[in-house]
Amino acid sequence: MQAVTINAAYAYFEEDVKGTIETGKFADFVLLDQNPFDVDPMKLKDIKVIETIKHGESLYKTK
């Protein structure tokens with residue numbers, strides 16, 4: 001998870017605005033129906049996206 005969050009932001013010199021959830025950073029994230037850390041790795045593909053947030057604005061939400 002760190003490879004696609006804080007480490008990716010660091011690699012692009014964007015860690016001051018991306019990579020972690022903190023005040024002053026872009027609010028880009030997804031809400032999932034399951035915790036990927038608690039799911040069998042073979043079932044990760046079955047996790048569903050509930051909502052997508054970009055720059056603090058909801059772009060997608062399941063009904």
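The questions and answers below concern a predicted model of one chain. Local features need pLDDT of at least 70, side-chain atom pairs count only at pLDDT 80 or more, and totals for chains, interfaces and linings use all residues. Residues are numbered from 1 along each chain as its sequence is written, and side-chain values use heavy atoms, with hydrogens and water left out.

Reader: What pattern does the chain follow along the sequence?
Author: Helices (H or I, at least four residues) and strands (E, at least two) are DSSP runs, numbered from the N terminus. The chain has 1 helix and 3 strands. Read along the sequence, the pattern is α-β-β-β.

Reader: Is Phe13 buried or exposed?
Author: Phe13 sits in the loop between α1 (6–11) and β1 (29–32). Its phi is positive, about 55°, although Phe13 is not a glycine. Buried means under 20% relative accessible area, exposed over 50%, and partly exposed in between (1.4 Å probe, protein chains only). Because its relative accessibility is 72%, Phe13 counts as exposed.

Reader: How does His55 count at 47% relative accessibility?
Author: His55 lies in the loop between β2 (49–54) and β3 (57–61). Phi of His55 is near 50°, a positive value in a residue other than glycine. At 47% relative accessibility, His55 counts as partly exposed.

Reader: What percentage of the 63 residues in the chain is buried?
Author: The C-alpha trace spans about 35 × 25 × 15 Å along its principal axes. Of the 63 residues in the chain, the buried ones make up 10%.
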